[in-house]
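User: Hi! I am new to protein structures and would like to learn how to read one. Could you walk me through it?

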Amino acid sequence: MSLLHSKIIGKGKPLIILHGFLGMSDNWKTLGNFYAESGFEVHLVDQRNHGRSFHAESFSYELMSADLLYYLQYHKIERSQIIGHSMGGKTAMFFALHNPENVHKLIIADIAPKYYSVHHQEILEGLHSVNLNEISSRKEAEEQLGLYIKDFGIRQFLLKNLYRKTRDSFDWRMNLPVLSAHVEEVGASTPEDKEFKGETLFLKGGKSNYLTMDDIPLITKLFPNTTIESIENAGHWLHAENPKQFIEFSMNFLDPS
């Protein structure tokens with residue numbers, strides 16, 4: 001079995017951080033450094049087909065949960081606290097429901113355990129529109145993405161995946177063909193026949209509609225020991241849009257001792 005790539009910083013109790021769809025561990029570098037300085041051994045993990053982790057033809061939460069279990073076993077981590085954002089939150093929920101003995105505390109950032117319909121079409125079309133053999137700069141890639149994606153912040157987020165493969169060519173770090181083919185898996189719901197009784201904190205973006213009041217009954221059914229908090233003036237990328245409040249809520253919840 002292949003091992004997920006990660007950056008490990010700090011010393012203390014292990015804290016696993018899982019990024020969202022089309023993201024990577026680097027997205028959490030600033031917060032990861034803060035947690036490391038606060039007494040945690042922080043594992044910034046790239047999930048399969050993302051970042052510097054392995055590419056595979058298969059992609060599902062069941063597989064990403066198995067990847068995480070193997071990662072913990074490899075690093076001899078019996079129990080960990082986990083932060084998961086968006087797709088990473090779904091992986092974290094799936095993992096906790098199936099492996100509750102391996103999870104101490106759980107933070108889920110702006111995602112619910114429900115099914116989400118596919119809503120990344122424009123982003124994927126924009127990524128596919130970039131001709132990696134013809135562009136000569138990141139600026140050209142951004143200009144092409146701008147025809148599909150108007151939000152500057154989202155374009156910059158996506159362009160973190162672009163790297164110079166050779167002196168004369170670029171490539172994406174994510175496995176774009178496989179992620180496009182299996183995009184419906186990103187919205188899959190978590191199992192409803194299990195529960196995680198450990199302490200869980202759901203953080204929602206105050207301006208995001210990913211997690212609503214209608215989701216609370218399902219959340220509390222699967223995660224009965226749950227607290228839900230809202231991050232002010234933040235959308236789906238709540239950890240980047242209001243890091244101060246994200247850190248405040250998470251540090252009050254996590255156990256560094």
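Analyst: Below, we go through this structure by question and answer. It is a predicted model, in which local features need pLDDT of at least 70, side-chain atom pairs count only at pLDDT 80 or more, and totals for chains, interfaces and linings use all residues. Residues are numbered from 1 along each chain as its sequence is written, and side-chain values use heavy atoms, with hydrogens and water left out.

User: What is the radius of gyration of the protein?

Analyst: Let's start with a rule for a globule: 2.2 Å times the number of residues to the power 0.38, with the radius of gyration taken over C-alpha atoms. For 257 residues, a compact globule would come out near 18 Å, and the protein agrees with that. The C-alpha trace spans about 50 × 40 × 35 Å along its principal axes. The radius of gyration is 18 Å.

User: How many helices and strands are there in the protein?

Analyst: Helices (H or I, at least four residues) and strands (E, at least two) are DSSP runs, numbered from the N terminus. Counting these runs gives 10 helices and 9 strands.

User: Is I83 buried or exposed?

Analyst: I83 is found in strand β4, residues 80-85. Buried means under 20% relative accessible area, exposed over 50%, and partly exposed in between, using a 1.4 Å probe and protein chains only. The relative accessibility of I83 is 0%, so I83 counts as buried.

User: Which residues does I83 touch, not counting those up to four places away in sequence?

Analyst: Here a contact means heavy atoms within 4.5 Å. With neighbours up to four places away left out, I83 touches L15, I16, I17, L18, W28, Y35, I107, F246 and L254.

User: Which residue of β5 is the bridge partner of G84?

Analyst: Two strands pair if DSSP finds at least two bridges between them. β4 pairs in the parallel sense with strand β2 (residues 13-18) over 4 bridges, and there L18 has G84 as its partner. β4 also pairs in the parallel sense with strand β5 (residues 103-109), over 5 bridges. In β5, the partner of G84 is I108.

User: Are the rings of Y70 and Y74 stacked, edge-to-face or tilted, and why?

Analyst: Rings of Phe, Tyr and Trp (its six-membered ring) pair if their centres lie within 6.5 Å; planes under 30 degrees apart count as stacked, over 60 as edge-to-face and the rest as tilted. The structure holds 8 aromatic pairs. In the pair of Y70 and Y74, the centres are 6.5 Å apart and the planes meet at 50°, so this pair is tilted.

User: What separates Y70 and Y74 in helix α2?

Analyst: Both residues belong to helix α2 (residues 61-74). Y70 is partly exposed at 25% relative accessible area, and Y74 is partly exposed at 46%. Because they are 4 residues apart in the helix, their separation is about one helical turn.

User: Over which ring does the charged end of R173 sit?

Analyst: A charge sits over a ring if NZ of Lys or CZ of Arg is within 6 Å of the ring centre and within 35 degrees of the ring normal. K105 lies over the face of F253, 5.0 Å from the ring centre. For R173, the charged end is 4.0 Å from the centre of the ring of Y163.
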